[in-house]
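Welcome, and please have your viewer ready.

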Amino acid sequence: MIKKKIVLLLGVLFVISSCLGFGGAATPEAHEISFIPGECLKSCKLQPAYYDAPTIIGAPTTDEKVPFWIYTAHRPKSLAFSLEMDLDIKMESFSGFIASDYRYCPSDNIFKSFGDSSKLVKNEYETAYESIKNSPDWVTHSLCLSSIYYCGGMVITASDDFAGIPAGENIASIAEVYNYDSDRRLPFINVPEGYISLGRFICVLIPMEDRQIVEDVLKISIEIPVKVGLFLNYLMDKRTNPDATMQFRDEVLICEFTVSRGLK
């Protein structure tokens with residue numbers, strides 16, 4: 001937990017220094033390079049990430065408290081809900097340096113669930129992971145992808161009028177699920193047509209346009225249908241069947257929480 005907080009703090013400091021122009025060639029940068037298999041999804045329950053109110057992101061202004069993992073400077077000004085997936089993962093640093101690159105990967109329990117094949121599956125995962133980590137595409141970039149995919153169908157409801165939509169009606173028509181890394185493709189996975197890969201955190205954006213932020217305590221309910229790719233099982237199957245394909249299971253990620261901001 002302490003190591004995780006240190007990494008999060010370093011990330012915040014890095015983003016602040018980059019935005020203010022203090023970064024230079026000699027400034028150490030810690031990058032996250034993570035690929036999380038769908039088998040790591042512990043439950044379908046999402047939780048708000050660190051903040052009890054939605055943040056404001058994008059041009060022309062950015063909320064001071066916007067989480068550092070949301071790279072959205074080029075996005076229209078929007079209200080952002082940051083949601084964290086319930087994953088059975090662990091954080092690992094690649095060295096003992098203070099600005100070490102790091103990753104989130106399956107916990108030991110995930111590999112142990114494969115019984116006698118646990119070592120084989122772990123080795124196959126590490127081989128696939130190294131092909132990502134050593135790719136020149138990620139040398140100077142952070143990356144967090146999973147084999148959990150989204151392609152529409154989200155439902156968002158509020159306990160009061162929100163952005164001109166009456167209480168209880170679906171707000172998702174004016175919202176989007178956003179992942180900065182979603183347009184990056186991994187060489188060993190065929191992403192389902194029209195789907196985007198999710199990271200550890202899910203960012204739901206609602207463009208502000210001519211709407212105004214209001215101080216308003218209300219309950220928000222979110223449902224996000226996803227396809228969970230069983231990547232580790234795919235690695236094991238491919239050992240005996242070169243034509244094996246990744247299998248998916250359908251899930252709905254859910255979250256209910258109270259916020260202190262609304263849109264009118």
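This is a predicted model: local features need pLDDT of at least 70, side-chain atom pairs count only at pLDDT 80 or more; totals for chains, interfaces and linings use all residues.

C144 has a relative accessibility of 10%, and C255 has a relative accessible area of 2%. The cut-off for buried is under 20%, so C144 counts as buried, and so does C255.

Next, select strand β7, residues 143-146, and go to S146, which has its place there. Is S146 buried or exposed? Its relative accessible area is 2%, so S146 is buried. Show the side chain of S146 and draw a distance to the backbone nitrogen of I148: the side chain reaches that nitrogen at 3.1 Å. Now display what surrounds S146. Leaving aside residues up to four places away in sequence, S146 touches F35, I36, M85, S197 and L198.

For the next stop, select strand β5, residues 89-93, together with β6. The two strands run antiparallel, and five bridges join them.

Finally, keep strand β6, residues 102-106, selected and bring back the rest of the structure around it. Why can β6 be called largely enclosed? Five of its five residues are buried, so the rest of the structure largely encloses this strand.

Notes
Residues are numbered from 1 along each chain as its sequence is written. Side-chain values use heavy atoms; hydrogens and water are left out. Buried means under 20% relative accessible area, exposed over 50%, partly exposed in between (1.4 Å probe, protein chains only). Helices (H or I, at least four residues) and strands (E, at least two) are DSSP runs, numbered from the N terminus. Two strands pair if DSSP finds at least two bridges between them. A polar contact is a pair of N or O atoms within 3.5 Å; within protein, one must be able to donate a hydrogen and the other to accept it, and residues adjacent in sequence count only if both atoms are side-chain atoms. Contact means heavy atoms within 4.5 Å.
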